[in-house]
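Me: I would like to learn how to read a fold from coordinates. Please take me through one case, feature by feature.

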Amino acid sequence: MNIIKTVVLAGTLALASCSSTQAKIVVNATTQEHKCLAQAIYYEAGSEPIKGRHAVAHVVINRTLSGQYPSSICGVVYQRNHKGRGCQFSWSCRRHAAPKGVLWQEAQEIATLVINGKSQDVSQGALLFNGRRDRVNYSRNFQKTVVIGGHTFWRPKRQQMAANR
């Protein structure tokens, strides 16, 4: 078990040290917001590759900075869907076991890296993601940025057009 943890943590640190041409954003976050981000990572992508867990965390942060979603991490994580029924992150509407174990520790470490601006945005500016089994089609207004593990990540098309200018 220690060998697996060491390898996974080495992967986390390696990903965190990747160079990026985009500015790194350090987010001011309370202890509660750190917990909300770690929970989102744990419940949405706990069994995904390290890169996928970083990407999910960046979607949350990207939403806080977009002006289209709540400006706090917990506000994004616990936001209701646009019809007021259900939640943006489905796990946040259901009862679930308390996070624990190595995956919880890793989620907390990834949250720290992302909040402190020490993680590259591998989601490529995504505001949405969906799982492999989700039946959604965001392609009308969103561009697919990357597929990591079981998740596909999306950003607004207008954001892509602005980046190409």
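**Reading the fold**

Reply: From the N terminus on, the elements of the protein chain run α-α-α-α-α-β-β-β-α. Helices (H or I, at least four residues) and strands (E, at least two) are DSSP runs, numbered from the N terminus. This is a predicted model, in which local features need pLDDT of at least 70 and side-chain atom pairs count only at pLDDT 80 or more, while totals for chains, interfaces and linings use all residues. Residues are numbered from 1 along each chain as its sequence is written, and side-chain values use heavy atoms, with hydrogens and water left out.

Me: How many helices and strands are there in the protein chain?

Reply: The protein chain has six helices and three strands.

Me: How do I read the strands, and what is the order of the sheet?

Reply: Strands of a sheet pair through backbone hydrogen bonds, either parallel or antiparallel. Here two strands pair if DSSP finds at least two bridges between them. The three strands form an open sheet in the order S1-S3-S2, with antiparallel pairing. Strand S1 (128-131) and strand S2 (142-148) are the edge strands, each pairing on one side only. From one strand to the next, the twist averages 25 degrees.

Me: How many bridges join S2 to S3, and how many pair S1 with S3?

Reply: S2 and S3 are joined by six bridges, and S1 pairs with strand S3 (residues 151-156) over four bridges. Asn130 has Thr152 in S3 as its bridge partner, and Gln143 has Arg155 in S3. The hairpin of S2 and S3 has two residues between the strands, and Gly149 there takes a positive phi near 60 degrees.

Me: How should I describe two packed helices, such as H2 and H3?

Reply: Two packed helices are described by the angle between their axes and the distance between the axes. Axes are lines fitted to C-alpha atoms, for helices over the stretch in contact, and angles run from 0 to 180 degrees between N-to-C directions. The axes of H2 and H3 come within 9 Å and cross at roughly 130 degrees. That makes H2 oblique to H3, because angles under 35 degrees count as roughly parallel, over 145 as roughly antiparallel, 65 to 115 as roughly perpendicular and the rest as oblique.

Me: Which residues of H2 and H3 meet?

Reply: On the H2 side they are Leu37, Ala40, Ile41, Glu44 and Ala45, and on the H3 side Gly52, Arg53, Val56, Ala57, Val60 and Ile61. Contact means heavy atoms within 4.5 Å. H3 also lies across S1, S2 and S3, running at about 30 degrees to S3.

Me: Which residues touch the most other members of the largest nonpolar core?

Reply: In soluble globular proteins, nonpolar side chains tend to be buried together. A nonpolar core is a set of buried Ala, Val, Leu, Ile, Met, Phe, Trp, Tyr and Cys residues joined through side-chain atoms within 4.5 Å. Buried means under 20% relative accessible area, exposed over 50%, partly exposed in between (1.4 Å probe, protein chains only). The largest core has 25 residues, of which Leu37, Ile41, Val60 and Ile73 touch the most other members. Helix H2 (31-45), H3, helix H4 (73-77) and helix H5 (101-115) each give two or more residues to this core. A second, separate core of 10 residues includes Ala45, Val59, Val146 and Ile148.

Me: Is Asn62 buried or exposed?

Reply: Asn62, in helix H3 (residues 50-66), is buried, with a relative accessible area of 14%. Leaving aside neighbours within four places in sequence, Asn62 is in contact with Asp121, Ser123, Gly125, Ala126 and Leu127.
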